[in-house]
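Hi everyone, thanks for coming. I'd like to walk you through one model today, so let me put it up on the screen.

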Amino acid sequence: MTYDLVIKGGSIASSSGVTRGDLAIRGETIAALGADLSGRETIDATGKLVLPGAIDVHTHFQLPFCGTVSADDFENGSKAAAMGGVTTFIDFAIQAKPASITEAIEARRGEADGKVCVDYGLHAALTEWNADRQAEIGGIIKSGIPTFKMFMIYKSQGWQSTDADLYCALREVAKHGGMVGVHAESDDLINLFQAEAEREGLTGAYTHAITRPAVTESEAVARAINIADAAGGRLYIVHMSTGQSLDHLEEGILRGVDVHAETGPHYLLLDDELFKREQGHHFATCPPIRKPADQERLWEGLSSGSVEVLATDTCTFTSEQKAMWGGDYRKIPMGMPGIEVLLPLSYSKGVGEGRLELGHMLELLCENPARLFGMWPRKGTLSVGSDADVVIFDPDLQVTISHRDLATNCDYNPFEGTRVTGWPTTTLVRGRVVVRDRQFVGSPGYGRFVKREPVAPVDGR
Ligand code: URP
Ligand code: ZN
Ligand code: ZN
């Protein structure tokens with residue numbers, strides 16, 4: 001039998017181990033795994049790892065936010081994804097009141113479809129709760145968007161939800177087998193600490209960290225977990241950043257709350273001393289990067305399995321956009337680029353430095369995101385019948401991260417100068433090579449919207 005394409009002689013990896021052999025593709029799917037497979041086209045992967053494409057479940061491309069629009073649009077951001085070995089990402093359709101969530105989804109699809117270079121999905125972000133929003137939930141889940149997002153902060157953006165909103169949304173979403181993600185920070189406490197900083201005349205970038213100490217996140221995480229416990233729905237904590245939040249997460253899991261969490265490379269590898277640099281405002285994101293002790297606890301949370309997903313929260317702002325802060329930390333456009341370095345950092349700093357097994361890294365980047373977000377086994381695994389989303393990864397390639405070599409539209413990188421060992425060289429999305437030998441060869445519009453399945457048992461049963 002001759003297949004369309006065979007990736008030959010690589011070390012094919014999954015969470016259960018590594019097998020040396022060939023991976024054959026027919027059309028858009030994986031057709032066979034074995035030895036001596038023949039194809040009309042072959043790619044030699046000798047000495048390389050063959051991995052499932054990574055899934056980044058948290059991006060914000062071309063997001064209107066903090067008075068500007070994030071600088072990686074769907075075309076460029078998804079090109080950066082492909083270059084970094086990410087074959088599927090999930091962005092957000094944020095409801096713009098008084099318009100409906102359905103309208104937000106249509107608008108976001110209008111921005112992404114025809115532009116994306118890899119596959120993508122959307123979460124629906126709820127910015128209010130009422131009978132109209134409640135009526136939309138079931139249909140949105142049926143349409144392939146089973147995951148929602150609510151913000152416990154961002155009043156000035158018009159995005160903030162009350163605890164009652166969160167409770168009602170969790171209860172309704174659970175009826176249809178969905179999951180609610182939450183940006184957990186305490187608006188009240190942040191306001192208090194910002195008012196105190198103002199009285200002391202503090203405005204520099206480090207004030208972002210001072211006014212958002214760990215409790216501003218952990219209190220909100222605990223509250224959200226308690227609300228989910230009472231409402232009975234499935235909760236997902238996005239961009240979890242502190243050790244104290246992890247304590248609450250683990251306590252919630254132990255008492256049987258259906259709660260899951262992600263963290264990102266910036267929380268594992270960067271700390272808040274960076275805010276003291278001249279360009280410290282470049283590192284500002286919400287929640288802020290934290291203390292070394294938080295990093296250690298988050299690595300422990302990954303090891304123990306309580307933190308199930310690595311995702312980037314990519315929200316790119318150039319140095320020109322970041323300059324809008326004008327010396328006042330409250331005016332910094334919040335967010336950083338990340339998608340392109342997710343896999344190399346996870347491999348080099350996780351697997352390479354002995355903090356993660358390779359199989360566990362694949363759980364965090366591929367398998368758990370696919371399972372938790374309704375794409376398994378179509379995505380996240382190199383199994384026969386799955387989409388041929390494949391990354392050929394050179395585990396020995398040494399790269400010093402520089403924005404100059406990256407596809408993102410950003411003119412700096414939070415990991416600038418970081419030396420990593422291991423980099424993706426070739427990326428395939430549904431059988432098509434989109435990056436070959438670190439050169440982008442894909443095309444805008446090839447990527448497709450992924451209709452996802454419900455992610456949780458209906459009503460928790
Ligand atoms: O500061 C951040 N993280 N910007 C993106 C929006 C969000 O809160 O995820
Ligand atoms: Zn957020
Ligand atoms: Zn985000």
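**Metal sites and cysteines**

Histidine 60 and aspartate 313 are both buried, where buried means under 20% relative accessible area, exposed means over 50%, and partly exposed lies in between, with a 1.4 Å probe and protein chains only.

Before I go on, some housekeeping. This is a predicted model, where local features need pLDDT of at least 70, side-chain atom pairs count only at pLDDT 80 or more, and totals for chains, interfaces and linings use all residues. Residues are numbered from 1 along each chain as its sequence is written, chains are lettered from A and ligands numbered from 1 in the order in which they are written, and side-chain values use heavy atoms, with hydrogens and water left out.

Back to those two residues. Which protein atoms coordinate the zinc ion (ligand 3)? They are His58 (NE2), His60 (NE2) and Asp313 (OD), at 2.0 to 2.1 Å. A donor here is an N, O or S atom within 2.8 Å of the metal (3.2 Å for Na, K and Ca), and since water is not among the atoms, sites may look incomplete. Along the sequence, the donor residues follow the spacing H-x1-H-x252-D. Histidine 60 sits in the loop between β6 (54–56) and β7 (64–65), and aspartate 313 in the loop between β15 (309–310) and α11 (319–322), so the pair links distant parts of the chain, 253 residues apart. Helices (H or I, at least four residues) and strands (E, at least two) are DSSP runs, numbered from the N terminus.

Now to its neighbour: the zinc ion (ligand 2) is 3.6 Å from the zinc ion (ligand 3). Its protein donors are His183 (ND1) and His239 (NE2), 2.1 Å away. Histidine 183 belongs to strand β12 (residues 179–183), while histidine 239 lies in the loop between β13 (235–237) and α8 (243–254). Histidine 183 counts as buried because its relative accessibility is 1%, and histidine 239 is buried too, at 3%.

Why is the arrangement around the zinc ion (ligand 2) irregular? Because its 4 donor atoms subtend angles of 56 to 146°. Four donors are tetrahedral if all angles lie between 85 and 135 degrees; four are square planar and six octahedral if opposite donors are over 155 degrees apart and all others between 65 and 115; anything else is irregular. The zinc ion (ligand 3) is irregular as well, because its 4 donor atoms span 86 to 141°.

Last, the cysteines. The structure holds 0 disulfides, a disulfide being a pair of cysteine sulfur atoms within 2.5 Å. For cysteine 286, the nearest cysteine sulfur is that of cysteine 66, 7.0 Å away.
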